[in-house]
Amino acid sequence: MSGAVPARAFFTARAGPREARGPARAHRYSAEAARPITRRGVLPRPACDRVLTITAILIWMICLQLGFFTLAWFMAGWLRMARRASLHWAVGTALLGLSMVLIVLRPELDLWAGRWLPNLLAIGGFAIVRRGIQVFVRVRPTDFEHALVTVLGAGGVALSLLAVLPESARALSAGAAMSWTLLRAAHELVRGLTPEFGRAAARGGALPFAVVGVAISLRPVVGWVRGPGAAPLETASTVNVALLLSFVAFGQLVMAGLVVLVILRMLARLRRLGTHDPLTGLLNRRGVALAMAREFEDMHRRGRPFALISLDVDH
């Protein structure tokens with residue numbers, strides 16, 4: 001045919017030399033030479049081609065840490081070590097870990113999956129952890145408060161994304177919900193564990209919750225003072241790095257403190273089973289012998305006498 005173009009000439013004209021297609025077109029081809037092309041266009045670069053920032057590395061460390069905590073608490077629940085509380089903590093840490101994963105993958109996600117869903121999962125995860133603490137210290141769970149805080153925090157983030165509220169309201173609403181939950185959990189730990197373990201142990205177990213709660217509450221405030229608002233968590237800023245480091249350090253202390261409290265309660269329960277009659281709840285022979293030894297020691301040390309009354313009641 002007279003209008004036919006040889007195949008070699010067609011492909012040469014279509015893909016011709018970069019110099020003949022202009023410097024801008026040549027630059028585009030050089031930048032996209034190693035990237036696959038589909039019918040929808042050039043695929044984005046894989047995540048492995050990006051340089052990880054210090055915040056991304058810290059977030060991945062927190063993800064691994066929370067994954068380990070989740071498996072540990074599920075195992076503790078399976079072994080019936082504070083079963084109900086352990087399962088609460090396992091689900092809560094799993095939600096927190098999933099929230100951190102979504103934060104790392106935020107550039108590949110849409111607005112709601114990358115901004116709203118991580119905040120919802122984090123607020124809900126902290127609420128479930130607090131409910132597990134309430135179960136552990138034998139306090140009536142405040143489910144209405146948990147739901148209200150979650151709705152207000154996630155609702156504030158949603159209204160900010162819809163441009164109903166300013167952008168700074170996103171970090172303020174989410175940070176307020178998380179910090180309120182953690183500070184209330186610290187207060188309930190002190191109030192519930194003081195009669196059982198003493199004031200020092202109760203305050204030691206509550207301190208990491210209080211520190212993380214204060215750090216979360218300060219992040220949006222510092223961001224608002226220094227600029228237009230708090231930078232996204234994956235942004236490499238001084239405030240975010242300090243917050244993530246506090247998560248890494250005090251997250252270990254939080255879980256270690258909870259593990260110690262669970263072990264102490266198990267030891268106290270075993271000690272009671274060894275010194276009390278399971279039917280009547282009174283001291284058995286071993287319990288009476290231990291009580292007598294303590295009274296004799298107190299008498300020799302302080303010179304305080306004591307009396308023993310023995311009753312044999314038959315029917």
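Colleague: Is Arg138 buried or exposed, and what is its relative accessible area?

Modeller: Buried means under 20% relative accessible area, exposed means over 50%, and partly exposed lies in between, with a 1.4 Å probe and protein chains only. Arg138 is exposed, with a relative accessible area of 57%, whereas Glu196, at 34% relative accessibility, counts as partly exposed. This is a predicted model, in which local features need pLDDT of at least 70 and side-chain atom pairs count only at pLDDT 80 or more, while totals for chains, interfaces and linings use all residues. Residues are numbered from 1 along each chain as its sequence is written, and side-chain values use heavy atoms, with hydrogens and water left out.

Colleague: What do the side chains of Arg138 and Glu196 meet in?

Modeller: A salt bridge is a side-chain nitrogen of Lys or Arg within 4 Å of a carboxyl oxygen of Asp or Glu. Arg138 and Glu196 form one at 4.0 Å, N to O. By this rule the count comes to 10 salt bridges.

Colleague: Which residues form salt bridges with Glu188?

Modeller: Among them is Arg130, with the closest N and O atoms 2.7 Å apart. Helices are DSSP runs of H or I, at least four residues long, numbered from the N terminus. Glu188 lies in helix α7 (residues 168-197) and Arg130 in helix α5 (residues 111-136), so the pair ties together parts that are 58 residues apart in sequence. Another partner is Arg184, at 4.0 Å between the closest N and O atoms; Glu188 and Arg184 both lie in helix α7, four residues apart, about one turn of the helix. Salt bridges with shared partners join Arg130, Glu145, Arg184 and Glu188 into one network.

Terms used
Helix = DSSP H or I, 4+ residues; strand = E, 2+ residues; numbered from the N terminus.
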